Amino acid sequence: MESCRSSSLEKKREGEGALAALVVPKEEEEVLLLLQPAGGGGGAGMDINLPFSGDHDVHAHCYVALGDHGIVERENKGRITRSLLDSDEAGELPSSSHGVQQLFQKSGRTRVLMLLLLAFFGCVAALLLVSVGVRSSVGDSQKEVVETREFSNSSFTPALALVTDTSQKGVIPYPSRRTAFHLRPEKNWISGFHIWLPAGPMYYKGYYHIFYQYNPGKAVWGNITWGHGVSKDLVQWTFIHTALQPNQWYDIKGTWSGSVTMRPDGLPLIYYTGSSAANEQMASLAEPKDSSDPLLREWVKYERNPILRPPPAILITDFRDPTTAWKGPDGVYRLAVGSKIGRSGVALLYKSTDLYNWIYQGEDHLLHAVAGTGMWECVDFYPVGPLGEPALDISVSGPGIKHVMKVSLDDERHDWYALGHYDTDRDIFTPDNPILDVGIGLRYNYGKFYASKSFIDPVKQRRIIWGFVNESDPEVYDVEKGWNTVMGIPRTVWYDNYTNANIIQLPVDEINQLRGSKVSKKNVHLAPRAIVAFEEAVGDQLDIEVVFDYPNVSKVGDKERNLDDHFDCGQGGAQAQGVFGPFGLLLLADKQLRELSAVFFYISHVKNVGWTTRFCVDPKRASLAKGIDTTIYGSFVNVLETEDFLSARIFVDKTAIETFVQGGRMTANMRSYPTLAYGSNAHMYFFNNGSLPINVRSIDVWQMQSANLVTV
């Protein structure tokens with residue numbers, strides 16, 4: 001007999017057989033007791049999904065594997081209760097129970113034998129049902145979900161299904177679903193699983209342009225070219241000819257990331273990174289072949305490339321991603337390149353009078369550097385104005401102007417930023433708060449978002465950020481499905497002049513054109529430990545706007561709260577239990593909650609600080625498939641004293657979930673690969689795992705239509 005955690009359950013097989021199984025709790029975890037193998041081509045196992053605390057009925061589920069014919073699932077009509085298991089007399093299964101936790105805290109051979117016998121007879125009964133033709137496929141609803149459920153750790157534990165073994169090469173354990181309104185390649189690789197670097201977005205003669213690193217041959221890293229897409233509205237896209245190919249000595253091993261700078265006459269210049277056969281990284285330049293073509297279908301590499309090479313103090317493999325150039329008050333252009341010196345991440349500074357010939361300013365004249373942050377990629381440097389005001393041109397500077405210094409940290413693959421002041425006399429960026437400097441303070445996004453790049457939209461006078469949302473599944477699945485990675489929804493960026501401590505990021509308004517039918521609710525009461533179904537909200541293409549009432553924390557006494565609760569999103573995730581939270585939404589959930597993706601708030605009291613609010617995304621139970629990255633992400637959210645609410649806008653798009661929290665002060669996202677909860681089998685629930693009630697002030701959910709992505 002062996003045991004394992006339920007969170008790591010996989011199909012147990014011996015030959016073509018399966019194993020009968022019983023789940024019981026032991027020392028704050030569930031223990032799987034494997035019984036004898038069932039013979040022949042099928043088998044049975046019983047899952048008793050037990051809560052760790054509280055008074056509950058215990059539901060018994062029997063799962064029967066039928067060789068290669070799939071999985072049949074049955075729920076026993078009876079329930080396992082204390083009156084049966086805690087007495088010497090066997091009788092009819094009652095419909096309710098009390099004190100289940102105390103029962104399983106006791107020990108004794110009698111109870112173990114009774115459990116094993118119960119598992120055996122339950123599975124025999126299920127096999128008899130199968131033999132007379134009764135069947136039910138995994139993922140189908142077995143019964144109507146009760147609107148309000150008791151919230152416990154067991155509610156989040158997937159039932160013990162004998163799922164397909166996903167370790168076999170070439171087998172994708174979930175439907176290969178392309179996102180519907182996130183920009184993604186028709187096939188193969190957009191700066192994906194390996195999380196490489198993006199290319200320069202821009203607006204030119206009536207079209208938005210996005211360039212992206214693309215492998216035209218395979219869905220993995222290699223043969224990196226610049227793909228090219230154009231759009232009138234940032235939603236419907238047309239992919240056109242490849243813009244840049246690795247065909248010169250200075251870029252033969254890849255045309256990597258870069259930026260676009262507009263010449264004074266309006267001609268766009270591409271500054272990009274190339275890698276030579278010797279792996280030397282260099283900056284090169286390309287111009288449109290026909291500047292009258294609004295689609296910019298052909299580009300010509302500058303005859304004097306490369307324009308920048310690594311200076312002597314920089315390793316040849318640590319020099320990449322030239323920024324958009326800006327002009328100083330002296331009329332001279334500046335440009336930065338990401339690098340590192342030792343363990344310090346740095347932005348190397350260059351100057352030019354004509355945008356073609358550049359002079360390095362030296363290691364003693366860096367634009368910015370932060371010790372211990374490692375290699376800086378995809379540096380983005382720009383001024384930022386308050387929400388609602390016209391975006392500032394990249395060359396705007398002066399007293400009172402805030403600048404954003406954003407870098408992508410190669411060591412840990414996240415985008416970090418700092419707000420500060422740009423001294424144009426010394427060409428130095430200084431953060432407002434050294435504690436919140438680049439790489440140690442604030443992130444653009446918490447979760448799957450990397451290598452972002454911004455540009456100015458001159459028509460709507462806004463700055464727009466593009467970023468890559470990388471996959472969380474194994475690369476072997478990407479190869480099998482033939483594509484990899486999507487772009488995040490383009491987002492506008494502003495300075496938050498209410499908190500004076502962060503930027504605001506909001507999805508572009510154009511995404512609203514994809515909204516279809518809407519369902520709404522108001523004033524949904526969430527009792528402590530409750531799960532409430534939002535039955536009208538079904539599907540995996542959704543735009544959600546939800547507002548929770550901020551609870552009255554002043555009425556919480558010392559005995560009811562943890563006076564020093566240093567909650568972290570990764571410590572327990574949605575299963576944690578506090579005073580106010582976790583509370584939020586369960587997305588892409590099947591009706592038995594075997595799969596779910598949780599997004600939630602958590603309000604805690606920290607000694608010498610007061611009440612703080614976090615927002616987290618939790619994919620721990622998003623999929624029954626193996627090998628998925630299920631890291632929980634999140635951080636603090638700035639909530640003003642005048643704000644009596646917590647809000648989030650959430651986009652669900654097949655396998656991508658993006659969130660914009662408290663008016664865009666914080667963003668987070670995750671990838672989800674459900675094997676059951678997709679399409680019409682994807683449901684939504686409110687939940688509150690705190691000890692005090694929460695009220696959902698309002699929620700609006702729109703079905704989202706698919707965007708048109710066309711290749712010419």
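Is Tyr350 buried or exposed? Tyr350 is buried, with a relative accessible area of 3%. The views below come from a predicted model.

**Figure 1. Overview of the protein, with 4 helices and 46 strands.** The protein has 712 residues, and 59% of them count as buried. Among contacts with a separation of 6 or more, 66% join residues 24 or more positions apart.

Figure 2. Ser259 is buried, at a relative accessible area of 2%. Its side chain has a polar atom 2.8 Å from the backbone oxygen of Pro322. The side chain of Ser259 also makes a polar contact of 3.1 Å with the side chain of Lys453. Leaving aside residues up to four places away in sequence, Ser259 touches several residues, including Gly200, Leu269, Ile270 and Tyr271. Thr323 and Thr324 are also among the residues that Ser259 touches.

**Figure 3. The tilted pair of Tyr350 and Tyr360, from a structure with 27 aromatic pairs.** The ring centres of Tyr350 and Tyr360 are 5.2 Å apart. Their planes meet at 35 degrees, so the pair is tilted. Tyr350 belongs to strand β19 (residues 344-352), and Tyr360 belongs to strand β20 (residues 359-360). The pair therefore ties together parts that are 10 residues apart in sequence. Tyr350 is buried at 3% relative accessible area, whereas Tyr360 counts as partly exposed at 22%.

**Figure 4. The edge-to-face pair of Phe580 and Trp611.** Here the ring centres lie 5.8 Å apart. The planes are at 65 degrees, so the pair is edge-to-face. Phe580 sits in strand β37 (residues 580-589) and Trp611 in strand β39 (residues 610-618), so the pair ties together parts that are 31 residues apart in sequence. Phe580 is buried, with a relative accessible area of 3%. Trp611 counts as partly exposed, at 24% relative accessibility.

**Figure 5. An aromatic cluster of Phe211, Trp226, Tyr272 and Trp299.** Ring pairs link these residues into the cluster.

**Figure 6. Lys232 over Tyr207 and Arg515 over Trp702.** Lys232 lies over the face of Tyr207, 4.4 Å from the ring centre. Arg515 lies over the face of Trp702, at 3.5 Å from the ring centre.

Conventions
Residues are numbered from 1 along each chain as its sequence is written. This is a predicted model: local features need pLDDT of at least 70, side-chain atom pairs count only at pLDDT 80 or more; totals for chains, interfaces and linings use all residues. Side-chain values use heavy atoms; hydrogens and water are left out. Buried means under 20% relative accessible area, exposed over 50%, partly exposed in between (1.4 Å probe, protein chains only). A polar contact is a pair of N or O atoms within 3.5 Å; within protein, one must be able to donate a hydrogen and the other to accept it, and residues adjacent in sequence count only if both atoms are side-chain atoms. Contact means heavy atoms within 4.5 Å. Helices (H or I, at least four residues) and strands (E, at least two) are DSSP runs, numbered from the N terminus. Rings of Phe, Tyr and Trp (its six-membered ring) pair if their centres lie within 6.5 Å; planes under 30 degrees apart count as stacked, over 60 as edge-to-face and the rest as tilted. A charge sits over a ring if NZ of Lys or CZ of Arg is within 6 Å of the ring centre and within 35 degrees of the ring normal.
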